[in-house]
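This report describes side-chain packing and pairing in one protein model.

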Amino acid sequence: MKIDLHLHLDGSLRPSTVWELAKEQKITLPAASKEELTSLLQVPEDCQSLNEYLKCFDLPLLVLQKPEALERVTFELIEDLAFEGVTYAEIRFAPQLSIKDGMTIEEAVKAAIQGLKKGLACYKTIQAGLILCYMRGAENQALNKETLMAAKKYYGKEVLAVDLAGAEALFPTGNYKELFRETKKAGIPFTIHAGEADGADSVRKAIEFGAKRIGHGIRAIEDQSLVQQIIKEKIVLEVCPISNFHTKLATEISRYPIRELYEQGVRITINTDNRTVSNTSLDREYTFIKEYYNFTGQEIAQLNEYAKEAAFLTIK
């Protein structure tokens with residue numbers, strides 16, 4: 001059983017596909033070869049912050065402004081996951097980031113759904129669904145509301161939940177109270193990126209909104225009373241170790257608190273976040289936590305059991 005609950009579509013494109021889509025769409029890329037393009041799509045190992053990390057999404061988003069492109073990359077991600085033996089994945093993306101050429105938010109969602117359905121029809125070994133992301137920002141309230149409308153329309157089918165993503169330190173979680181009040185009223189489950197670029201209070205706010213899962217959530221360790229609340233309420237953390245080092249959530253291997261949280265009883269799950277941007281896979285994440293934090297195969301199986309219990313879709 002290999003489960004990925006926290007996986008961004010636009011951070012997981014094949015470099016060869018970005019190259020081909022750019023050619024088809026007559027988009028000029030700042031790269032003279034596929035090899036050079038690959039280096040631009042992957043974060044540098046000396047990345048300094050989440051905000052710098054997020055810049056790696058500019059290039060893939062250039063080619064994701066057409067429905068056929070969104071459909072293709074969703075299908076290919078299902079294919080890549082199936083080939084790696086992933087049995088369940090929740091693929092998240094922000095449809096509002098694909099409307100610059102006239103596509104609507106609903107059209108973007110429908111395109112991703114088509115790619116998902118085609119992928120699942122071809123690869124029977126994997127279950128998957130979509131999570132629609134609201135985005136943190138100054139002037140995008142209307143777009144977040146449109147995303148909620150699309151989620152309402154397709155929830156219970158291919159859309160499993162919603163999320164809040166983006167520059168957490170610049171746009172605090174507390175700003176989105178009303179949006180999640182409406183989401184909760186609509187009966188749509190959600191996860192929220194919190195405790196990555198911002199501290200423990202961001203995680204607390206997400207839990208106050210009603211989130212039962214937290215994207216990253218590692219900085220909850222800064223407040224032991226919050227950690228105890230997470231344990232008591234069985235809140236699940238969608239932890240992405242390699243990505244967390246790239247975003248400088250942790251600057252030293254020894255100071256990353258994944259082992260401490262696990263041993264206290266926090267429900268940790270292991271995820272890739274952005275397969276291409278962080279040049280990772282679930283197998284690489286498992287190897288990483290085995291090597292640096294002495295997780296055993298049995299413990300990793302327990303982490304996947306936590307993921308199975310937390311999944312927005314019933315895993316067969």
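## Salt bridges

Lys 118 and Glu 71 form a salt bridge in which the closest N and O atoms are 2.5 Å apart. A salt bridge here is a side-chain nitrogen of Lys or Arg within 4 Å of a carboxyl oxygen of Asp or Glu. Lys 118 lies in helix 6 (residues 105–122) and Glu 71 in helix 5 (residues 67–83), so the bridge ties together parts that are 47 residues apart in sequence. Helices (H or I, at least four residues) and strands (E, at least two) are DSSP runs, numbered from the N terminus.

The model is predicted: local features need pLDDT of at least 70, side-chain atom pairs count only at pLDDT 80 or more, and totals for chains, interfaces and linings use all residues. Residues are numbered from 1 along each chain as its sequence is written, and side-chain values use heavy atoms, with hydrogens and water left out.

The structure holds 24 salt bridges, including these:

| Pair | Closest N and O atoms |
|---|---|
| Lys 118 and Glu 71 | 2.5 Å |
| Arg 92 and Asp 163 | 2.9 Å |
| Glu 182 and Lys 145 | 3.6 Å |

Arg 92 lies in strand 2 (residues 88–93) and Asp 163 in strand 4 (residues 159–165), so their bridge ties together parts 71 residues apart in sequence. Arg 92 is buried, at 0% relative accessibility, and Asp 163 is buried at 0% as well. Buried means under 20% relative accessible area, exposed over 50%, and partly exposed in between (1.4 Å probe, protein chains only).

Glu 182 in helix 8 and Lys 145 in helix 7 (residues 141–154) are 37 residues apart in sequence. Glu 182 is partly exposed at 21% relative accessible area, and Lys 145 is partly exposed at 38%. Salt bridges with shared partners also join Arg 14, Glu 20, Glu 24, Arg 72, Glu 76, Glu 79 and Asp 80 into one network.

## Aromatic pairs

Rings of Phe, Tyr and Trp (its six-membered ring) pair if their centres lie within 6.5 Å; planes under 30 degrees apart count as stacked, over 60 as edge-to-face and the rest as tilted. By this rule there are 11 aromatic pairs. The ring centres of Phe 180 and Phe 190 are 4.8 Å apart and the planes stand at 50°, so this pair is tilted. Phe 180 belongs to helix 8 (residues 177–185), while Phe 190 is in the loop between helix 8 and strand 5 (191–194). Phe 180 is buried, with a relative accessible area of 0%, and Phe 190 is buried with 6%.

For Phe 245 and Phe 288 the centres are 5.6 Å apart and the planes at 65°, so the pair is edge-to-face. This pair links helix 11 (residues 241–246), which holds Phe 245, to helix 13 (residues 282–293), which holds Phe 288, across 43 residues. Both Phe 245 and Phe 288 are buried.

## Nonpolar cores

A nonpolar core is a set of buried Ala, Val, Leu, Ile, Met, Phe, Trp, Tyr and Cys residues joined through side-chain atoms within 4.5 Å. The largest has 95 residues, and Tyr 256, Ile 258 and Ile 268 are among those that touch the most other members. A second, separate core of 9 residues includes Leu 5, Tyr 88, Leu 160 and Val 236.
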